[in-house]
Amino acid sequence: MEPQKEARTPGDLVSRPSGPSRSQTPNDEERQEGDTAPAEASLGAEADGACADALWQLPVEPAERRPECSRCSRPQKVCLCPFLPLHPLHISTHLYIIQHPAEENKVLRTVPLLAACLPQDKCKVKIGRRFSEERDPELSTVCRKSDTLILYPGAEAANLEEFILDSPIYPSTIIIIDGTWSQAKDIFYKNSLFRLPKQVQLKTSISSQYVIRTQPTNRCLSTLECAAAALSILEKNNYIQETLLRPLQALCSFQLQHGAQIRLSKEHLLKNGLYPKPMPKNKRKLRKMELLMDSVKI
């Protein structure tokens, strides 16, 4: 977004009466007129206050949004379409992205880039925190199918690559939750629909290339990276992952060239004694930090 136009203060628009400043010393004539000075000063202050009140009533000009590209949803001046495939990738897997509402308006979100690379009928984005059979019958039907998977890490999650080798029914649909880790956890555990599909996770040692956002650990991936890895496994085609990562790499490269900083994971900062903040006092947050520190020691 472009910065808003600079607001003009009352001092820019209201002309001040001429005369000596407060730091100046009055002469003899001014001393003789000292009795009237307070009254004049009071009138001047009232006039200034009235002008200021009038200025507050003026309409505020809304900040103009830069025109966006209809395909990649980026501002046209920094469009990433040259890094997208010429035509949507041919895939047989259906992908459902469950997006937390807070992600919808983030500038550096990756889901629009992902959707721009895939056929519209194969990639659907559902925005919300709570889902049920009444609110979304389509999603409810998808979650109840035996060939649907949900990508969410945990003790009960199977390794995706191993699961498809042993599964009697080859998966045709995969669900991925888009949001911060706390937002994704909230969506997963507070929607019973998402515990109906088989839960799977990615077993990979690859570090995230989304280096302009801080991740909890080195193994945490962005939504686009998760989708790229999962689709390449399900479609048995590594070209899919390479193609989907290309616009993400271009996005990070552009941001770094224009002042963005590489964001190291919390795991890396803790492991190397570089974590800049004090340990949290909140018991829940402290426990999360302790678990993260335990994983670093392993």
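The protein chain comprises eleven helices and six strands. The model is a predicted one. Of the 298 residues in the protein chain, 37% are buried. The accessible surface of the protein chain amounts to about 19400 Å², and carbon and sulfur atoms contribute 52% of that area. Among contacts in the protein chain with a separation of 6 or more, 74% join residues 24 or more positions apart.

The largest nonpolar core contains 42 residues. Those with the most contacts inside this core are Leu 95, Leu 114, Leu 118, Leu 151, Leu 160, Leu 202 and Leu 244. At least two core residues are supplied by each of strand E1 (94-99), helix H4 (111-117), strand E3 (148-151), helix H6 (160-166), strand E5 (173-178), helix H8 (223-234) and helix H9 (238-257). H8 provides the largest share, nine residues. Apart from this core lies another, of 15 residues, which includes Tyr 96, Cys 143, Ile 150 and Phe 188.

Within the largest core, Leu 202 is one of the residues with the most contacts. With neighbours within four places in sequence left aside, Leu 202 is in contact with Leu 151, Leu 160 and Leu 221, and also with Cys 226, Ala 229, Ala 230 and Ile 233. Cys 226, Ala 229, Ala 230 and Ile 233 are buried residues of H8.

Helix H8 has twelve residues. From its first C-alpha to its last, H8 reaches 16 Å, close to the 16 Å expected at 1.5 Å a residue. H8 is mostly covered, with twelve of its twelve residues buried. The buried residues of H8 pack against strands E1, E3 and E5 and against helices H4, H6 and H9. Just after H8, Lys 236 adopts a positive phi of about 55°.

Gln 199 is placed in strand E6, which spans residues 198-201. Gln 199 counts as buried because its relative accessible area is 12%, under the 20% cut-off. The C-alpha atoms of Gln 199 and Leu 149 are 6.0 Å apart in space, although the two residues are 50 residues apart in sequence. Beyond its neighbours within four places in sequence, Gln 199 is in contact with Ile 150, Tyr 152, Pro 153, Gly 154, Glu 156, Ala 157, Ala 158 and Phe 188. Ile 150 and Phe 188 belong to the core of 15 residues. A polar atom of the Gln 199 side chain lies 2.8 Å from the backbone oxygen of Tyr 152.

Note on methods:
Residues numbered from 1 in each chain as written. Predicted model: local features only at pLDDT ≥ 70, side-chain atom pairs only at ≥ 80, totals over all residues. Heavy atoms only, no water. Core = buried A, V, L, I, M, F, W, Y, C linked by side-chain atoms within 4.5 Å. Buried < 20%, exposed > 50% of the residue type's maximum accessible area, 1.4 Å probe, protein only. Helix = DSSP H or I, 4+ residues; strand = E, 2+ residues; numbered from the N terminus. Contact = heavy atoms within 4.5 Å. Areas by Shrake-Rupley, 256 points an atom, 1.4 Å probe, with all protein chains shown as cover. Expected span 1.5 Å × (residues − 1). Polar contact = N/O pair within 3.5 Å; in protein donor to acceptor, adjacent residues only side chain to side chain.
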